Amino acid sequence: MDRSKEADKLYKEAVKLTTPSLLRLRLAGEWEQATPMFERAGMLFKQAGDLARAKECYERAATGQERQRSGWHAAKNLEKAAEAARDMGAWQEVEDHYARAAELFAEEGRPTAAAEAAARGARALEERRPESSQQLYRRAVEWLEEDGKDALAGDVFRQAIAQLVRAEKWGDAVAMLLRFAASCDASGARNSQCKAYLGAVVVWLYAGKANDAWVTYQDSLGVDAFSSSDEAFAADALFDAYRSGEAAVIQETVKRNAIFTNIDNQIARLARKLPQGELAVMSRQLGGDGGSAAVGVTAEGEEDLT
Amino acid sequence: MANVTDVLLRSQAIYKKYEKYDTNAATREKTDDPFMDELNMVADRVQDLQLRSDEIANEKNRALKAALNAELRKTKAMLLEQAIPLLEKMAKKGKGQTPEKIQARLGLVEELRQSIEAVADGVTSARKPQRAFTGSPARGGELTINPAEVDGRSGSTDYYKHTDDTRAFQQEWSEAKARQDQQLEGIETGLGHLKEIGAAMNEELQRHDILITEVDEKMDKVTKELQTNNMRLTGLVTKMRSTRNFIVDIVLLCIILAIGLYLYTFLK
C-alpha cells in the first residue's frame, strides 16, 4: 500500500513542520506549508482505508486553516473529518465536528452553508443521537430562516419533521410543522403549506390531544391559503368523524380521502393508524357525544367489552 | 455588512464585559427564601409570556402568527404542568411555616396560575373552511305550467301507472346512472392525482427558478473576473514577446551552441 506509506511520509513531514523547535529557529508552527500536506495525507489515508489517521490529518488541517484565518477551508476540512469519524462510529466526535464546521461557516457570513453542514450532521446522527440530531436540525432551520432562503429550507424541514415523528416528540414535531408552514408562506409554496397544516392536525390527533388539534386547526384557518384548500375540508371531515366517536367512521374518512395519502410520508403512516388514544374522551373534547356505541375505555385505551 | 451572527457575537462579548453592572441579575438573589425566589422567577417568565402574546397580537402575517401561537401554548402548558406543582410542593416545605403562612403561599400560587391561564394565546371562535370562489351561479330555470297545453290525458289515473315498458326503461336508466357514477368516481380519483402532481411540479419549478437566478448571478461575476484575467494575461504575453527579449534569447542560444561545439571538438 504505497498510498499509505506516502501518506505516512507526508504526515510526519507536516507534523515536524508544525512543532516548534529551537533548532530551526521556529517558535510557532509553519502552518502554511503544513496544511496542504495534511490535506493530501488525509485524502491518501482515506483512500487507503485508514480512517483513524485520515480523521486526525483532517483535524490538523482544519486547525491549520483556522490559524490562517480561512474559516471556509477549515470548515470543509472539519466536515471531511466528521465523515471519517462517522464511518468509524465515533459519534461524539461526529457531533462536535459538524457543529464546529457549521459555526465556522456562520462566522464567515455564509448561513446557507452552515445550515447545510448542520443538516448533514443531523442526518448522520439521526439514529444514534436523536437529541443532538434534533438540536442540529433546529439550528439549521434557524440559519435558513435568518438568511431568508426558504426555498432551500424545504428538504431540511422535511428531514427534521420525519426525525421528530420517528422519535415520537409530538409537540416538537407540530412546532416544526408550523414553522415549515410559515416558511412556505414566505416563499409562496401553498401546496406544501396546506399539507403541513393538515399534518399538524393529524399528529395532534395521533397523540390523543384533540383540544390542541382543534386549536391548531382554528389558528391555521386564519391563513387564507389554507382556509379554502382541500386539506382544510379533509381536516373538517376528520374532526366530524372524531365527534361521532366511532373508530370505523374515522378509518373510513381517512381511507376515502386521497388527501391523507398525499401528505408527507411519515405523517401519512400516522394517519392510516388513526384513531389512537381515548376516543370517547377526545370526541367529548371536540363537542361530540362520546360515541353512540359508548364503549367504556380502560386506562390503556383498550375497549372494555365486558 | 451587517450579519446577525456578528451582531450576536459582539453583543455577547460586550455583555460579558459589563456583566457586573447588570442590576437585574443581582436583585433576585436578595431573599433567602427559596419559595419566594421560585415564585419571582416564575412571575418573570409569566410576564415574558404576556409580552410575547402582545407582540403576536401585532403580527400581521397569519402563518407566522399560527406558528408563534403554538410555541406560546407549548410554553404555557409546560409552565402549568411543571412550575406550578413545583411551587405548590415548595410552599409546603421550608422552615418556620405556620398553617396561615402556607395558606397565604398557596393563595399566591393560585393567583399565579390564573395569570398564566389568562395569557391570550390566539384561541378565538370556531372557524370553518370555505371555498374561495365567489357565490353560487344565479338560480335559473323555474318551472312554469302553461295551462294552454294541458290536455285531457293527464286527468285519468291510468296515465300514471307503470307499464312493462316504463319499468324496463326505468331500470335501464338506473343501471346507466350507476355505471356513469362509477366512471365518474374513477375520473375523480384520476383528477385528484393529476392535481397533486401539477401542484408539486409547480412548487419544484418555483424553487428551481430561485436557484437558477442565483447561479446566473454567480456566473456573471465569474465571467467578469475571467475577462479581466484574460486581458491581463494577453498584456503579459505581449510584453514577453518584445524584440529586446528575442535578441537576448538568440545571443544566449548561440553562446551555448558555441560552448557545445568547443567541448565536442575538445573531447573527440
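Predicted model: local features only at pLDDT ≥ 70, side-chain atom pairs only at ≥ 80, totals over all residues.
Local features need pLDDT of at least 70, side-chain atom pairs count only at pLDDT 80 or more, and totals for chains, interfaces and linings use all residues; side-chain values use heavy atoms, with hydrogens and water left out. Residues are numbered from 1 along each chain as its sequence is written, while chains are lettered from A and ligands numbered from 1 in the order in which they are written.

Start with the charges. Over all chains, the structure holds 24 salt bridges. A salt bridge here is a side-chain nitrogen of Lys or Arg within 4 Å of a carboxyl oxygen of Asp or Glu. One of them joins K46(A) and E83(A), at 3.7 Å from N to O. K46(A) lies in helix 2 (residues 31–48) of chain A and E83(A) in helix 4 (residues 71–88) of chain A, so the bridge ties together parts that are 37 residues apart in sequence. Helices (H or I, at least four residues) and strands (E, at least two) are DSSP runs, numbered from the N terminus. K46(A) counts as partly exposed because its relative accessibility is 30%. E83(A) is partly exposed too, at 25%. The cut-offs are these: buried is under 20% relative accessible area, exposed is over 50%, and partly exposed is in between (1.4 Å probe, protein chains only).

Helix 4 of chain A also carries E79(A). Its side chain meets that of R120(A) in a salt bridge of 3.1 Å, N to O. R120(A) sits in helix 6 (residues 111–125) of chain A, 41 residues apart from E79(A).

Another bridge crosses between chains. R207(B) pairs with D155(A), their closest N and O atoms being 3.7 Å apart. R207(B) belongs to helix 6 (residues 164–240) of chain B, and D155(A) to helix 8 (residues 150–166) of chain A. R207(B) is partly exposed at 22%, and D155(A) is partly exposed at 40%. Shared partners also build a network of salt bridges: E66(A), R100(A), E103(A) and R139(A) are joined into one.

E168(A) has a positive phi, near 65°, and is not a glycine. E168(A) is in the loop between helix 8 and helix 9 (170–187) of chain A. At 52% relative accessibility, E168(A) counts as exposed. S227(A), in helix 12 (residues 224–227) of chain A, is buried at 16%. Leaving out residues up to four places away in sequence, S227(A) touches L221(A), A232(A), P129(B) and Q130(B). Contact means heavy atoms within 4.5 Å.

Turn to chain B. A nonpolar surface patch of about 1,200 Å² includes F246(B), V251(B), I259(B), L263(B) and L267(B). L263(B) is found in helix 7 (residues 243–267) of chain B and is partly exposed at 43%. Patch residues have over 30% relative accessible area and no salt bridge; like charges are joined within 9 Å, nonpolar side chains (Val, Leu, Ile, Met, Phe, Trp, Tyr) within 5 Å.

Helix 4 (residues 62–92) and helix 5 (residues 99–118) of chain B pack at about 175°, with axes 9 Å apart. That makes helix 4 of chain B roughly antiparallel to helix 5 of chain B, a term for angles over 145 degrees. Axes are lines fitted to C-alpha atoms, for helices over the stretch in contact, and angles run from 0 to 180 degrees between N-to-C directions. The contact includes L80(B) and L87(B) of helix 4 and L106(B) and V109(B) of helix 5 of chain B.

Terms used
Areas by Shrake-Rupley, 256 points an atom, 1.4 Å probe, with all protein chains shown as cover. Parallel < 35°, antiparallel > 145°, perpendicular 65-115°, else oblique.
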